[in-house]
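These are my notebook entries on one structure. I set down each point as I looked it up.

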Amino acid sequence: MVSIDVWNASVDFPIFDAKSRSLKKLALGKVGGKIGSEGRVPIIEALHDITLSLKDGARVGLVGHNGAGKSTLLRLLAGIYEPTRGHSRIIGKVAPVFDLGVGMDPEISGYENIMIRGLFLGMTRKEMEKRVDDIAEFTELGDYLQMPLRTYSTGMRVRLALGVVTSINPEILLLDEGIGAVDAAFMAKARDRLKDLVKRSGLLVFANHSDEFLIEFCDTAIWMDEGHVKMHGGLREVLTAYKGHDPFERISPELLARLGHTSPVLSGNGGE
Amino acid sequence: MQATSTLDHPEAPPAVRSRSFKRAFADVREAWDHRELWGHLGWQDIKQRYRRSVIGPLWITISMGTTALALGLLYSVLFKTDVATFLPYVTVGFIVWNFIVGCVTEGTDVFIANEGLIKHLPAPITVHVMRMVWRQVLFFAHNLVVYLVVLAIFFTSLNHDYKISENGPVHPGLSWTIVLAIPGFVLLAVNAVWVSLLFGVISTRFRDIPPVVNSFINLVFFMTPIVWDAGVLQRVTGGGNNDWRMLIAELNPVYHFVEVVRAPLLGHAVDWHHWAIVGGFTVAGWFAALVILRNYRARVSYWV
């Protein structure tokens with residue numbers, strides 16, 4: 001059973017400047033009297049007292065201003081940061097898509113990058129070899145896959161990353177914003193695959209600024225503000241409070257048509 | 001507004017402590033389960049380094065070959081020893097030393113260099129260490145070609161009892177004991193993992209450690225019997241085992257690590273006290289590394 005539970009978790013970053021990161025200062029500090037070395041290190045409280053419980057089937061949109069802690073929260077949920085205070089428990093295989101450049105080596109070919117990214121996401125080599133053709137077809141990169149990644153444009157990298165992540169079966173899918181760099185035609189194609197992927201994955205947390213994406217993929221939402229969970233509830237409710245207007249009144253007719261029968265949001269009236 | 005999430009929220013966890021030996025062991029175990037990942041990455045690193053060169057990884061072998069040849073010739077002339085026995089000695093010593101120095105210097109840097117991966121993909125931190133050690137093992141394998149060539153050339157000088165330095169001990173020559181090099185090297189690699197776990201975590205927090213290690217490692221090279229023979233010490237001290245000068249080698253842990261791999265490969269007498277010391281370091285080092293892993297494993301992603 002896939003789930004993420006977080007109890008009163010805080011994430012504090014110690015900010016070591018070049019000097020306080022050295023042993024010398026720590027040693028001298030000890031000699032000079034009782035000045036706690038921790039006390040002199042400035043701390044950034046990125047997340048503060050987060051309590052969440054996400055169960056199998058959750059489709060959560062993550063909204064908030066820049067620097068509100070969305071990316072940090074995603075990393076907390078991925079298990080990359082263990083809370084400095086409080087607890088977290090993550091059950092399930094996590095597939096994060098954060099920074100699209102990381103885990104990709106610019107000097108090696110697209111094919112090899114597909115392999116490495118897949119292995120990092122917990123696949124075996126054999127499984128990835130089976131999927132490579134499918135990914136190649138989906139990304140439409142063709143012969144470019146033989147080229148080193150440094151020759152790729154941003155959009156092509158996004159295609160590659162989306163191709164890999166949508167070809168595997170993650171239990172927990174965490175998507176950060178930044179997958180908007182691809183052209184519209186590819187996005188339409190990716191949307192279908194993402195949708196399919198979301199259906200397969202047990203749990204989705206998706207940080208995005210686009211109403212359309214959120215409405216399409218999510219049914220609940222978390223509004224982050226200054227490291228706190230400001231609001232957690234139905235998507236429509238949270239988006240209305242966050243944006244100051246009801247996004248469902250402004251969605252384009254074609255999105256409405258596309259959602260039509262599939263949207264859990266409209267039928268569910270945006271949660272309770 | 002958190003009603004939807006807190007209503008059915010389970011009570012505080014029974015025992016989800018991030019600082020426990022269980023989690024430390026789990027990190028190492030999961031890293032082992034990921035061996036396909038670091039195995040692939042290690043290969044990739046080597047291919048990567050020589051990507052656009054014509055002869056590729058052969059450069060590793062060639063550079064080792066020339067270094068060993070030059071050092072072996074130079075020091076055999078300086079020490080007035082027989083090239084036929086001294087050149088293989090220097091070659092093997094230098095190959096093993098190269099592995100050790102690679103693991104130690106890259107080990108201090110292992111998490112700092114992998115900052116991007118650590119911050120973006122959830123994986124046991126030991127994975128990065130395993131990738132680095134595996135890469136060094138592959139370098140070692142490339143360098144072993146030099147050993148095989150040297151062995152083929154000087155085989156007739158090594159297959160019977162011989163001396164390296166005049167007053168040094170008599171070595172029995174190559175025999176079945178050569179297979180002891182395999183457990184010897186496995187022990188060396190196992191130790192490389194704890195060394196880079198330990199120093200890697202500490203260096204991530206205190207960025208002075210890598211330069212300190214880098215400046216001391218050269219000193220260690222000259223203190224270790226690699227381009228000079230430990231038998232020289234016996235000549236200097238007149239064979240007295242209690243002379244303090246004997247301790248120059250004996251107190252240097254690197255000497256024992258070099259010896260467990262080098263001695264079998266050259267047909268030197270098996271000296272079990274090296275094995276005992278290496279075994280002791282393995283146990284004590286892994287214990288220290290696990291304590292560090294227990295306490296600071298979760299902090300690495302904050303520190304990088």
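Is Ala68(B) buried or exposed? I worked from a predicted model, and I keep that in mind throughout. I found a relative accessible area of 2% for Ala68(B). Buried means under 20% relative accessible area, so Ala68(B) counts as buried.

**Entry 1: the surroundings of Ala68(B)**

I located Ala68(B) in helix H4 of chain B, which covers residues 58-78. I then asked which residues Ala68(B) touches, not counting residues up to four places away in sequence. They are Leu87(B), Val90(B) and Thr91(B). I also looked up the separation of Ala68(B) from Asp82(B): the two are 14 residues apart in sequence, and their C-alpha atoms are 15 Å apart in space.

**Entry 2: chain B as a whole**

I turned next to the chain that holds this residue. Chain B has 304 residues, and 54% of them count as buried. I noted 15 helices and two strands in chain B. Along the principal axes, the C-alpha atoms of chain B fill a box of roughly 85 × 50 × 35 Å. Chain B exposes about 14000 Å², and carbon and sulfur atoms supply 67% of that area.

I looked at contacts in chain B between residues at least 6 apart in sequence, and 76% of these join residues at least 24 apart. For the charges, I recorded 23 positive and 19 negative ones in chain B, with mean positions 7 Å apart.

**Entry 3: chain A as a whole**

I repeated the survey for the other chain that I examined. In chain A I noted eleven helices and nine strands. Chain A has 272 residues, of which 56% are buried. The accessible surface of chain A comes to about 11700 Å², and 52% of it belongs to carbon and sulfur atoms. Of the contacts in chain A between residues at least 6 apart in sequence, 73% join residues at least 24 apart.

**Entry 4: the two domains of chain A**

How is chain A divided? Domain 1 takes in residues 3-93 and 206-258, while domain 2 takes in residues 110-200. I found 21 residues of domain 1 of chain A in contact with 16 residues of domain 2 of chain A. The area buried between these two domains is about 1700 Å², with 59% of it from carbon and sulfur atoms. On the domain 1 side, Lys93(A), Phe213(A) and Phe217(A) lose the most area to domain 2, together 37% of what that side buries.

**Entry 5: helix H4 of chain A**

Why is helix H4 of chain A, residues 110-120, described as largely enclosed by the rest of the structure? Ten of its eleven residues are buried, so the rest of the structure largely encloses H4(A). The buried residues include Glu112(A), Arg117(A) and Phe120(A).

I then looked up what covers them. From chain A, the cover includes strand S5 (94-97), helix H5 (125-139) and helix H6 (154-167). From chain B, it includes helix H3 (35-49) and helix H7 (115-120). Just after H4(A), I noted that Gly122(A) takes a positive phi of about 95°.

With a relative accessible area of 11%, His40(B) is buried. Leaving aside neighbours within four places in sequence, His40(B) is in contact with Met115(A), Ile116(A), Leu119(A) and Arg125(A). Among the buried residues of H4(A) I had already met Met115(A), Ile116(A) and Leu119(A).

Notes: Residues are numbered from 1 along each chain as its sequence is written. Chains are lettered from A and ligands numbered from 1 in the order in which they are written. This is a predicted model: local features need pLDDT of at least 70, side-chain atom pairs count only at pLDDT 80 or more; totals for chains, interfaces and linings use all residues. Side-chain values use heavy atoms; hydrogens and water are left out. Helices (H or I, at least four residues) and strands (E, at least two) are DSSP runs, numbered from the N terminus. Buried means under 20% relative accessible area, exposed over 50%, partly exposed in between (1.4 Å probe, protein chains only). Contact means heavy atoms within 4.5 Å. Accessible areas come from the Shrake-Rupley method with a 1.4 Å probe; for residues, only the protein chains shown count as cover. Lys and Arg count as positive and Asp and Glu as negative; His and the chain ends are not counted. The place of a charge is taken as NZ of Lys, CZ of Arg, CG of Asp or CD of Glu. Domain bounds come from an automatic or database domain assignment. Buried area is the accessible area (1.4 Å probe) that two parts lose on being put together, summed over both.
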